[in-house]
Each structure stands twice: as structure tokens, then as C-alpha cells.
Amino acid sequence: MPAPRTPDRVREDIEKERESLATAVEHLRGELGDATDLTGKLRSKLPVLAVGAAAAGFFLGGGVGASMRYLARRGREGDEKAKVGRWSLRERG
């Protein structure tokens, strides 16, 4: 059976635990600060992000614009069934 602890030994153990917890909290605060530093992370990747965003905008804008022009023209024109002079009969889809 272990010997009972004295009040002084209990105080020493509590003080050691306090110091250990304080060190752990400081360590976690540092890691949390690094993990939430979005400005630093984005700043280092800004040139890559800017080029990627510009390329995506260019392709999406051009692709959507071309599709909309095609659909608008198709809606206006439709499929030509018959034509006499400048008049034409079209089927709209």
C-alpha cells in the first residue's frame, strides 16, 4: 500500500501541474495563431490565386457569353423549314 501523501507533497504536485498546464496553453495559443493566420497564407499564394481567378473568369465569361449568344440566335432563327425570297418559315425549339 502506498504511503499517504503529505499536504506539502500535494501542494508541490499541484504547482507542477499548473506549470505544465501553463506551458501547454502557451504552446496551443501559438499553434492556434499560426493556424488562423489567413493573411500570411494568402499573401504567400496571392500571385497563384490571382492568375487562377483571372483564368477562371476569362473562361467562364467567354463560355457563358458564347453559349448565351448561341441560344439567343437559335431562339430568333429556329430551324428553317422553307424560304421564299426574304421570307422564311421557321420552327422554334
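Trainee: Is Arg18 buried or exposed?
Mentor: Arg18 counts as exposed, at 54% relative accessibility. Buried means under 20% relative accessible area, exposed over 50%, and partly exposed in between, with a 1.4 Å probe and protein chains only. This is a predicted model, where local features need pLDDT of at least 70, side-chain atom pairs count only at pLDDT 80 or more, and totals for chains, interfaces and linings use all residues. Residues are numbered from 1 along each chain as its sequence is written, and side-chain values use heavy atoms, leaving out hydrogens and water.

Trainee: What does Arg18 meet in a salt bridge?
Mentor: The side chain of Glu15, at 3.5 Å from N to O. A salt bridge here is a side-chain nitrogen of Lys or Arg within 4 Å of a carboxyl oxygen of Asp or Glu. Glu15 is partly exposed, with a relative accessible area of 36%.

Trainee: Why are they separated by about one helical turn?
Mentor: Because Arg18 and Glu15 are three residues apart in helix H1. Helices (H or I, at least four residues) and strands (E, at least two) are DSSP runs, numbered from the N terminus.

Trainee: And why do such side chains pair at all?
Mentor: Side chains of opposite charge can pair when their charged atoms come close.

Trainee: How many salt bridges are there in the whole structure?
Mentor: A search finds six. Some belong to a network that links Arg5, Arg9, Glu12 and Asp13.

Trainee: What does Asp13 pair with there?
Mentor: Asp13 meets Arg5 at 2.6 Å, N to O. Asp13 also forms a salt bridge with Arg9, with the closest N and O atoms 3.8 Å apart. Arg9 and Asp13 both lie in helix H1, residues 7-35, and are four residues apart.

Trainee: Which of these are buried or exposed?
Mentor: Asp13 is buried at 18% relative accessible area, Arg9 is partly exposed at 39%, and Arg5 is exposed at 54%.

Trainee: New topic. What secondary structure does the chain have?
Mentor: Two helices and two strands, running α-α-β-β from the N terminus on.

Trainee: How much of the chain is buried?
Mentor: Buried residues make up 3% of the 93 residues.

Trainee: Which residues form the nonpolar patch on the surface?
Mentor: Leu38, Leu42 and Leu49, with about 290 Å² of accessible area together. Accessible areas come from the Shrake-Rupley method with a 1.4 Å probe, and for residues only the protein chains shown count as cover. Patches take residues with over 30% relative accessible area and no salt bridge, joining like charges within 9 Å and nonpolar side chains (Val, Leu, Ile, Met, Phe, Trp, Tyr) within 5 Å.

Trainee: Where is Leu42 found?
Mentor: In helix H2, residues 38-77. Leu42 is partly exposed, at 48% relative accessibility.
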